[in-house]
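Welcome! Take a look at it first, and then we can go through it together.

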Amino acid sequence: MIDERSIAGALAGLKVGLGFDVHAFAEGRKLILGGVSIPHDRGLLGHSDADVLAHAVSDALLGAVRAGDIGKLFPDTDPAFKDADSLKLLAAVAALVREKGFEILDVDCVIAAQAPKLSPYRDAMRENLSVAMGVSTESVGVKATTTERLGFEGREEGISARAVCLVCRCR
């Protein structure tokens, strides 16, 4: 029989965060996803390196600890973040999560892009994200999907990413 009080106690320190980000394609920029430079005829438009995956993960973590969003922490009006490496921003977010007394338990992500094909880069993205967050690679999932030519991703106008995370106030 399940002891509801034990379950409630175990779950009390857990928080879930959800992140979502979108960037349009732009000529003359590198395509960076999960810190991986991916060969493509266009990159993503943004104030930083426009790493839509790292941004979605950052927003998920910030949401879980109720610390706003990536735009609040690293505003695109601040020249200090012009062309910033989004993995460094993610590392700063992970440090903030820990400062608030939480540990990152798990992160799962999905990238929506009609092109380019992303599966060859999935493991490198997982590794980069895990290093930036200071967690094991086994704690990070990355998937990619097309949108069957539907929506702005399907028309190859841009890329979106979604991320969900689980953190725990373990101390």
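By the rule used for ring pairs, this predicted model has a count of one aromatic pair. The partners are Phe 74 and Phe 81: their ring centres lie 5.2 Å apart and their planes meet at 75°, so the pair is edge-to-face, the label for angles over 60 degrees. A pair of aromatic rings is described in just this way, by the distance of the centres and the angle of the planes.

**Around the aromatic pair**

- Phe 74 and Phe 81 are both buried.
- For Phe 74, the relative accessible area is 14%, and buried means under 20%, so Phe 74 falls in that class.
- To find Phe 74, look in the loop between helix H3 (70–73) and helix H4 (86–99).
- Which residues does Phe 74 contact, leaving aside its neighbours within four places in sequence? They are Phe 81, Leu 89, Ala 92 and Val 93.
- Leu 53 is 21 residues from Phe 74 in sequence, and their C-alpha atoms are 16 Å apart in space.

**A buried arginine**

- Is Arg 126 buried or exposed? Its relative accessibility is 13%, so Arg 126 counts as buried under the 20% cut-off.
- Once its neighbours within four places in sequence are set aside, Arg 126 has contacts with Thr 137, Glu 138, Val 140, Gly 141 and Val 142.

**The overall fold**

- The protein contains six helices and seven strands.
- Among contacts between residues at least 6 apart in sequence, 72% join residues at least 24 apart.

**Size and shape**

- The C-alpha trace spans about 55 × 40 × 25 Å along its principal axes.
- How does the radius of gyration fit the chain length? A compact globule of 171 residues would have a value near 16 Å, and the protein has 17 Å, which agrees.

**Surface and charge**

- Of the 171 residues, 47% count as buried.
- The protein exposes about 8700 Å², and carbon and sulfur atoms supply 56% of that area.
- There are 20 positive and 24 negative side chains, and the centres of these two sets are 3 Å apart.

Key:
Residues numbered from 1 in each chain as written. Predicted model: local features only at pLDDT ≥ 70, side-chain atom pairs only at ≥ 80, totals over all residues. Heavy atoms only, no water. Helix = DSSP H or I, 4+ residues; strand = E, 2+ residues; numbered from the N terminus. Rg over C-alpha atoms; globule rule 2.2 N^0.38 Å. Buried < 20%, exposed > 50% of the residue type's maximum accessible area, 1.4 Å probe, protein only. Contact = heavy atoms within 4.5 Å. Areas by Shrake-Rupley, 256 points an atom, 1.4 Å probe, with all protein chains shown as cover. Lys, Arg positive; Asp, Glu negative; His and termini not counted. Charge placed at Lys NZ, Arg CZ, Asp CG, Glu CD. Phe/Tyr/Trp six-rings, centres within 6.5 Å; stacked < 30°, edge-to-face > 60°.
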